[in-house]
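Please open the model in your viewer and keep the selection panel at hand.

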Amino acid sequence: MAIRYALPNGLTVVFEEQHAAKVAAFQVWVKAGSADERPDQAGLAHLHEHMLFKGTERRGPGEIARDIEAHGGEINAWTSFDQTVYHIVIASQFARTGLDILGDAVRRSAFDKDELAREIEVVCEEIKRSSDSPSRRASRALFATAFQTHPYRLPVIGTEESVRSFTREKVLEFYHRHYTPRNLVLSVAGDLRESELREWVEEIFGGDWGRPYAGPVERPRDAAPTGRRVHVQTEDVKEAYLHLSFAIPELEHPDVPALDMLAMVMGQGESSWLVREVKHRQHLVNDIHASAYTPKDPGIFSVGLTLPPAQATKALTQTARVLEALRTTLVPEEELRTLKSAVEAESVYRKETVQGTARNLGSYQTSPGGLESEARYMEHIRGLTLEDLRRVAQKYLRLEHAVVTALVPPSAELTEASVNAALDEAAKSPGITPPERASRPVPPDAPARPARSTAASARSEVYQEKLPSGATLVVRVEPHVPLFSMRAAFTGGLRYETSEDNGITTLVSRTLTRGTTTLSADEISQLSDIYAGNVSAQGGRNSVSLKADFLSRYFEPGFRLFADCLLNPAFREEEVARERSLLLQDILTREDKPSSLAFELFARTLYREHPYRLPLTGEKASVEKLGPDQLRAYHRQHMDPSQMTLSVVGDVRVEEVRALALEYFGKARGGAVAPKQVLPEAPPSAPRTEKKELARAQTHLVMGFQAARLTDRWRITLDVLSTVLSGQGGRLFVELRDKRSMAYSVSSFSMDGLDPGYFAVYMGTSPEKVDAAVAGMRKELERIRDEPIPDAELERAKQHIIGSYEIDLQRNSARATLLALDTCYGVGLDNFLHYSEHVAKVTAADVQEVARRVIDFDRVAMAVVGP
């Protein structure tokens, strides 16, 4: 149960106790975002997000991140139009320290002049990175067109020109105006007691800050729409990006719950109308989704499409026809009931983590309706009728008032005239009625399961059993939220592929849930919605797996659906053709994602023979040859129950899990083949560098070496080495971003495999900084190899790993994934149960030994992608 109170100085505190994990989350919500800026302040709210962690009266530059990471915590921030939010997640034993650091940053930031100059350069790198993303450019065009006078038309991040104009005086003006107690909300969730929290908050946030509240900023409003707005932007992109949008009211308007529900009906999930009609039946788009964006001031209802450029006009017409159908056709009552349950279930999923709970509390408390608006919203959702949905569709989704924006290549031949013609045609023609939803009977709402203790003692140890088929079953009971997660893992993945069938793992994973011998793809999606969860497959470098999450009251039907998808995929020709076409489009648009392209180039540079050199999505020539027969053969040979590791984690009973596992997976099916023998590849015998020219604002660099296997014990030491370099307190961030402003994004990565993986560092930087960036990356790698790590730095890295491990494993899905993959790969339960203990034992000498083992510049590989 959440509590709320206010300090005498006006600061509001919202808090909810959660003791399932020894973790606490603190968030400070500042009720000021980019929409509160004057024209000469564009991007200033976002710059504050960067500067508040750059030093205070008590802590020097870099100390805040180092202190948090040294106590096993994570710190970050985000900026929106209406708020700026600073958040910390930390082990509850260090909660007082975390809150003190957050309070110090928000209340007493120093805004050092030299630090400001460096951070302005970092933000300019972030702006360049954003400008390299077609989806970001398309989104900016949408807001710039949908809003004519309101500040929502401007990018949150600002422009390079505006950001470079900022002085310390201008920063302090904004800070003193908005960072005052009456304009802040402190949101807290986790393993704390109310009495101790109240004491800490008074000490850290209480008293007079000397910054009186000047009241909210007046924002100009847009006039009501009187016609269409169309903006078509032509650029060198491989994929078309379209938005079809409409003006809608602000967050507290009574029509918002119905608009949110309309967005779910229209384009959220595989069973939504647009996905079924425009994507799956007519094959017009690669992706389509709908959202109702309702911020503090009036927002937009938007349908976003990514698609082959040649389909743009037809896709727009068909999308508009589905919208017209919502204005004339009642949503089926069963569909509305299912979506109402999904909204309520989402509140359960959010409570899996303390940071999710804190975000929920902060979001509602900073809204105009306050914390109580959550209960009102849910009440409105429960009371929605079919007529309510049709009424708001008729009121707001009017094609004569549509806003259409498009980012397309010249080949799309899309113009303002053709957009208007497409919408006119949709308005004249009858609306589409999407394909009928599954007519098969669905189980009635499952009864609530008996309440059980949520104390830590109610958790089980890990239960493990070998089934008669040869499958391994792993179960862990976690009863604190009424959810469960499952994961079935099989060795395979990219490691089993050749250049001839490259991409087969990805195509198998994309089609595994697109129909079984008894269920269609739509029926699987519908049942997933009814059980308030999802089932999906995933292919990786070393494995392929199926995962599912459901409310625990649907344990048995959810398990049976999962088992049907795993055992009986149909791989129907039409579904395989559809997913193959989408995969080929992903391959075609690789150049629109230059950082991913850099890692693919790095893999091809480091490995010349091993399958790890291949891209996960495959290549055009190999994917075009894949069909149902190849997928069925792969499934028969590599995904038999005898080869499976199945993990189930959450609010379950071991005996129920075991009974269903034996029923479905207790017998082998006879088609399995022996594990594929893959020869490891020797490291490079000389340095290798590959470059790809790409006309972008930034250059992307990846430098790395062959490294550990999953079964190597020294990979844990490599994790520590990587953490010394990465994170906001790590050497790469401090030396290359904080001190030298070379990049917005810089980090290190360790990719483990069943064969030797890699350790690499990455940076995205301006082209003129490339030589200095390469030299800087190399210098930090040499330093960690040649110089012993100071004790304080080593402890920071180890505590950060241990704390992050606990934070990451709050979700059932994360625990189920780790248990399944570790068991599948032969790592065993030791990693899950004792990983933190192993990390704690790593010494500076261990790190240096591993650094010398891995970092060898005679065997380095480097990839460079950019202009």
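In what follows, Ala, Val, Leu, Ile, Met, Phe, Trp, Tyr, Cys and Pro count as nonpolar, Asp, Glu, Lys and Arg as charged, and the others, Gly among them, as polar. This is a predicted model, in which local features need pLDDT of at least 70 and side-chain atom pairs count only at pLDDT 80 or more, while totals for chains, interfaces and linings use all residues. Residues are numbered from 1 along each chain as its sequence is written, and side-chain values use heavy atoms, with hydrogens and water left out.

Select Arg715, Asp719, Ser750, Asp752 and Leu818, which lie nearest the centre of the second largest pocket among its 34 lining residues. A pocket here is an open set of points on a 1 Å grid over the protein atoms alone, where a 1.4 Å probe fits, with protein on both sides within 12 Å along at least five of seven lines; lining residues have an atom within 4 Å of a point. The lining divides into ten nonpolar, 15 polar and nine charged residues.

Next, show the open sheet of six strands, whose order is 12-13-17-14-16-15 with mixed pairing; strands are DSSP runs of E, at least two residues long, numbered from the N terminus, and two of them pair if DSSP finds at least two bridges between them. Strand 12 (463–466) and strand 15 stand at the edges with a single partner strand each, so one side of each has no neighbour in the sheet.

Finally, select strand 14 (residues 483–491) and strand 16, which pair in the antiparallel sense over nine bridges; alanine 488 has leucine 546 in strand 16 as its bridge partner.

Terms used
Helices (H or I, at least four residues) and strands (E, at least two) are DSSP runs, numbered from the N terminus.
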